[in-house]
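Work through the exercises below with the model open. Each task is followed by a solution in steps.

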Amino acid sequence: MSSITLTGVGKTFDQTVAVVDLDLAVEDRELLVLLGPSGCGKSTVLRMIAGLEQPTAGEIRIGDRVVNDVEPKDRDLAMVFQSYALYPHMTVRANIEFPLRARKVPKEQRVAQVHEAADMLGLTELLDRKPAQLSGGQRQRVALARAVVRRPLAFLMDEPLSNLDAKLRAATRVELVDLQRRLQATVVYVTHDQVEAMTMGHRIAILDRGLLQQVGSPQDVYDRPANLFVARFIGTPPMNTVRGDVERGDGGLGLRVDAVLLPIPAATASAVEASGLTELVVGVRPEHLEVAPDGAGVLPATVELVEHLGHEQHVVCRLPDGQLVTVRQGSHLPAPAARSSVRLVAPTEHLHWFDGATGARVGS
Amino acid sequence: MSEHVRAPGRRAKDALLGYALVAPSLVLFGVFVFYPFGKNFWLALHRTPPFPGLPKKYVGLDQVGDVLSSPEFQKSLKVTVLFVLYTVPTGIVLGLLLAVLAHRQLKGMTVYRTIFSSTVATSVAAASVIFFTLLNPQVGLFTYWLGRSGDLGVLEDPTTALIAVSITTIWQTLGLSFILMSAGLQGVPDDLEEAAAVDGASAPRRFWHVTLPMLSPTLFFAAVVGSITAFQAFGQIDLLTEGGPNNETNVLVYSVYKDVFRYGNDGVAAVKAIALFFIVLILTVVQLRFAERRVSYAR
């Protein structure tokens with residue numbers, strides 16, 4: 001296995017900028033998830049690592065070797081495609097064997113390795129079938145077997161689960177994590193699904209419009225989003241964000257949201273004062289926002305609707321200035337009636353503060 | 001068993017509508033295909049009299065035997081088969097080669113694609129006239145290049161005439177072959193090529209083991225249609241050689257034409273036409289049976 005290092009990597013297609021000045025280090029034996037909405041450049045990054053696209057700037061290393069000018073076939077990587085890209089005219093056996101044949105592995109060793117890979121992924125019974133005779137989940141396994149069969153330096157996976165149904169996807173997710181652990185494999189995993197990213201990644205790299213937004217452990221990215229994009233992208237339902245102007249109040253700085261002046265905690269306030277910010281966005285995750293039981297909360301709001309999900313409920317509220325926020329609470333709590341007036345409250349330590357102009361996180 | 005109950009009136013009405021809808025094409029096929037087809041068999045069983053106006057005489061299978069065993073027919077058959085073998089595989093291979101060359105995302109590639117496919121808009125007649133001029137024994141450019149100026153013309157030389165006609169045909173059908181192969185290549189998912197590249201396969205290996213097998217339905221189609229068309233070649237023969245020299249280019253369809261319009265012998269022509277029909281029929285069945293097993297249509 002091997003590390004992968006991207007330094008200042010950029011990619012421009014004709015007029016379109018796909019990836020901008022990307023610095024990213026995938027450590028040896030790490031499962032790094034590239035996460036972002038469609039068109040954010042994550043697949044392009046993966047394809048550049050594979051050698052299927054040529055970067056227009058920067059340097060890509062696999063281990064210590066600069067691979068910018070190395071052909072895909074000589075990079076010793078394995079890739080799992082969203083479509084699985086199985087060779088339809090070959091049997092499962094021939095599909096798994098293909099990378100070994102291409103590398104002129106002797107026949108006996110080939111047979112042994114194919115059996116080992118097939119065994120690992122439970123494909124032994126299916127070796128003589130053609131891909132067309134397999135279910136989606138089985139095809140996905142064949143694609144994985146074809147990747148693991150020759151012990152490459154690293155695995156590249158491009159949304160490998162997105163063609164599976166929800167139930168199978170969850171099961172395969174677990175298996176993939178297990179496989180990665182058993183093989184001690186370096187994996188770069190591209191997905192737009194934040195659940196996959198959170199559950200599978202050792203670290204998550206979030207991209208938006210070709211720009212790296214944040215790299216960190218799933219918990220880190222969730223607890224301390226580096227900017228508004230990450231804050232809103234990670235988490236379901238997404239983080240509530242409310243925009244307001246900075247005002248000096250009695251007890252220090254506050255954020256004016258309609259009639260309410262939210263106090264800004266001291267640590268954040270000093271950062272705000274240092275950079276002279278006038279507009280902030282405050283964020284709070286739905287599970288940290290509460291409908292105050294006795295009407296003692298800070299923010300007045302009107303309940304728009306309540307969504308019951310069985311184990312929890314989402315209370316969608318409208319603030320006086322029209323912004324919508326969601327409260328996520330356990331289903332054991334009483335659901336407020338629609339159109340009723342409530343007051344909302346959130347613990348100060350769970351508030352996230354962002355620069356109103358740039359969206360960057362303010363303070364710790 | 002449950003019984004399907006259908007109103008009898010409704011069923012008859014459906015059937016009537018069905019026949020009504022089929023009728024126009026049935027009439028057209030009847031007049032232009034089925035009747036001539038049947039009449040052909042009738043002609044084959046009747047010897048054409050030496051002078052027009054005399055009644056045709058029923059001779060059973062005598063005429064069929066005579067024609068099939070005649071050296072003239074056998075030569076025709078041999079020439080036709082050679083013509084197919086010269087033109088079809090070469091046309092497919094060249095078309096594929098051009099398609100592979102043009103299957104890159106490069107600037108200006110559309111210019112090449114247009115040039116490569118242009119002969120599809122060229123008629124057999126135009127192609128023949130072009131090559132007739134190029135091969136002219138006195139002023140032809142090819143004649144000059146071949147160093148045969150003042151010599152026997154390429155089209156008059158029994159050893160080269162069929163090859164010259166074949167080259168004309170290959171050139172004229174290359175556009176279609178190129179378009180078919182290009183379409184086939186575009187139907188091969190990029191993923192597969194890319195997967196093979198990451199799997200460590202070299203470009204030739206990717207072509208032989210991934211692209212070509214994926215193209216097999218296209219190749220198969222091109223081979224069947226190409227063979228059938230080649231077996232029925234007529235225009236280029238008529239314009240370039242009229243079957244000569246020494247019957248070296250006298251393909252079956254041309255010999256049928258000569259029998260009818262030059263020698264006025266419908267009976268002999270009918271036998272040859274029927275022979276050609278069975279050759280093409282058998283060929284198609286064999287190709288379907290044989291090739292379908294090796295073709296991967298599965299996705």
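**Exercise 1.** Find the helix of chain B in which Leu77(B) is found, and decide whether Leu77(B) counts as buried, partly exposed or exposed.

Solution. Step 1: in this predicted model, Leu77(B) belongs to helix 3 of chain B, which covers residues 71-102. Step 2: inside 10 Å, Leu77(B) has 18 C-beta neighbours. Step 3: a buried residue needs 20 or more, and an exposed one has 12 or fewer. Step 4: Leu77(B) therefore counts as partly exposed, with its 18 neighbours.

**Exercise 2.** State how far apart Leu77(B) and Val139(B) are, in sequence and in space.

Solution. Step 1: along the sequence, 62 residues separate Leu77(B) and Val139(B). Step 2: from C-alpha to C-alpha, the distance between the two is 33 Å.

**Exercise 3.** Describe the contact between chain A and chain B, starting with how many residues of each chain take part.

Solution. Step 1: chain A contributes 19 residues, in contact with 18 residues of chain B. Step 2: strand 6 (77-80) and helix 2 (92-102) of chain A each supply at least two residues of the side that touches chain B. Step 3: sorted by class, that side of chain A has 14 nonpolar, two polar and three charged residues.

**Exercise 4.** Summarise chain A by its helices and strands, its span, its buried share and its contacts.

Solution. Step 1: chain A has nine helices and 20 strands. Step 2: its C-alpha trace spans about 80 × 45 × 35 Å along the principal axes. Step 3: of the 364 residues in chain A, 41% are buried. Step 4: among contacts in chain A between residues at least 6 apart in sequence, 65% join residues at least 24 apart.

Definitions and conventions
Residues are numbered from 1 along each chain as its sequence is written. Chains are lettered from A and ligands numbered from 1 in the order in which they are written. This is a predicted model: local features need pLDDT of at least 70, side-chain atom pairs count only at pLDDT 80 or more; totals for chains, interfaces and linings use all residues. Two residues are in contact if their C-beta atoms, placed from the backbone, lie within 7 Å. Helices (H or I, at least four residues) and strands (E, at least two) are DSSP runs, numbered from the N terminus. Ala, Val, Leu, Ile, Met, Phe, Trp, Tyr, Cys and Pro count as nonpolar, Asp, Glu, Lys and Arg as charged, and the others, Gly among them, as polar.
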